[in-house]
Amino acid sequence: VSDVWRNVMRLDKPHEEHHGSSPVVGVIMGSDSDLATMGAACETLEQFGIPYEVSIVSAHRTPERMVEYARTARDRGLKVIIAGAGGAAHLPGMVAACTPLPVVGVPVKPQGYPLDGVDALLSIACMPKGVPVATVAIGNSANAALLAARMLGGASSSLCDKMEAYQEDMEQTVKGKAEHLEN
Ligand code: RP5
């Protein structure tokens with residue numbers, strides 16, 4: 001996460017920090033304070049070998065940057081956008097309104113906010129008909145990346161194989177713990 005943090009801090013304009021060639025997933029967040037939550041998405045994409053880019057894009061503080069990001073995402077080769085935000089979390093929904101790409105929303109629980117991320121969860125999940133955002137649990141950006149991997153896996157049998165291996169590994173881990181408890 002600290003490498004990602006350093007890379008994001010170096011950004012002076014959007015879409016610049018690429019992880020791997022030709023990013024297919026865009027990871028965006030409303031503030032650098034979201035990075036502690038969104039780092040798990042980046043780590044998970046790296047685990048699956050999925051090229052991604054990271055940007056800070058705020059629906060409220062940088063609205064024009066947000067629209068530009070969303071409107072150019074498809075032409076820049078992105079296939080999925082993961083968007084995290086806390087509080088009045090309008091970023092995922094507004095980005096979904098400005099792109100035909102699938103958007104996965106991550107409700108963030110910012111420090112010092114009174115509603116523990118429920119405000120962000122409802123802001124992201126309660127989209128009007130016609131503008132879908134796939135919403136994961138509060139803070140679970142790893143699941144956002146796994147969902148993106150599954151979306152991309154529809155067109156990539158090697159990625160689908162990796163997902164199956166991940167699931168099998170998870171199953172074996174849980175079985176191992178169960179057996180350990182039983183013995
Ligand atoms: C939201 O406001 C961001 O996504 C973040 O979760 C929250 C707080 O932002 P900062 O005040 O920490 O920059 O837009």
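Reader: Hi! Which residues are buried in helix 2?

Author: In helix 2, the buried ones are L35, T37, M38, G39, A41, C42, T44 and L45. Buried means that 20 or more other C-beta atoms lie within 10 Å of a residue's own; 12 or fewer makes it exposed, anything in between partly exposed, and C-beta atoms are placed from the backbone. Helices (H or I, at least four residues) and strands (E, at least two) are DSSP runs, numbered from the N terminus.

Reader: Before I go on, what sort of model is this?

Author: This is a predicted model, in which local features need pLDDT of at least 70 and side-chain atom pairs count only at pLDDT 80 or more, while totals for chains, interfaces and linings use all residues. Residues are numbered from 1 along each chain as its sequence is written.

Reader: Nice. How many helices and strands does the chain have?

Author: The chain has 7 helices and 6 strands. Starting at the N terminus, the order is α-β-β-α-β-α-β-α-β-α-β-α-α. Of its 183 residues, 38% count as buried.

Reader: Which residues have the most contacts inside the largest nonpolar core?

Author: Those are V25, I82 and L91, in a core of 47 residues. Helix 6 (residues 141-153) gives the largest share of this core, 6 residues. A nonpolar core here is a set of buried Ala, Val, Leu, Ile, Met, Phe, Trp, Tyr and Cys residues joined through C-beta atoms within 7 Å.

Reader: And what is I82 in contact with?

Author: Leaving aside neighbours within four places in sequence, I82 is in contact with V25, V27, A41, V104, V106, A144, A145 and A148. Contact means C-beta atoms, placed from the backbone, within 7 Å.

Reader: Switching to the strands: how does strand 2 run relative to strand 3, parallel or antiparallel?

Author: Parallel: 5 bridges join strand 2 (residues 25-29) to strand 3. Strands pair if DSSP finds at least two bridges between them. I28 stands opposite S55 in strand 3. Since 4 of the 5 residues of strand 3 (residues 52-56) are buried, that strand is largely enclosed by the rest of the structure.

Reader: What surrounds the ligand?

Author: M29, G30, S31, S33, D34, S58, A85, G86, G87, V108 and P110 do, each with its C-beta atom, placed from the backbone, within 6 Å of the ligand. By class, this shell has 4 nonpolar, 6 polar and 1 charged residues. Ala, Val, Leu, Ile, Met, Phe, Trp, Tyr, Cys and Pro count as nonpolar, Asp, Glu, Lys and Arg as charged, and the others, Gly among them, as polar.

Reader: I noticed D116. Where does D116 lie?

Author: D116 lies in the loop between strand 5 (103-108) and helix 5. Its phi is near 55°, a positive value in a residue other than glycine. D116 counts as exposed because it has 12 C-beta neighbours inside 10 Å.

Reader: Last one: why does P132 count as partly exposed?

Author: Because P132 has 13 C-beta neighbours inside 10 Å. P132 is in the loop between helix 5 (118-125) and strand 6 (134-135). Not counting residues up to four places away in sequence, P132 touches A96 and M127.

Definitions and conventions. Contact = placed C-beta atoms within 7 Å.
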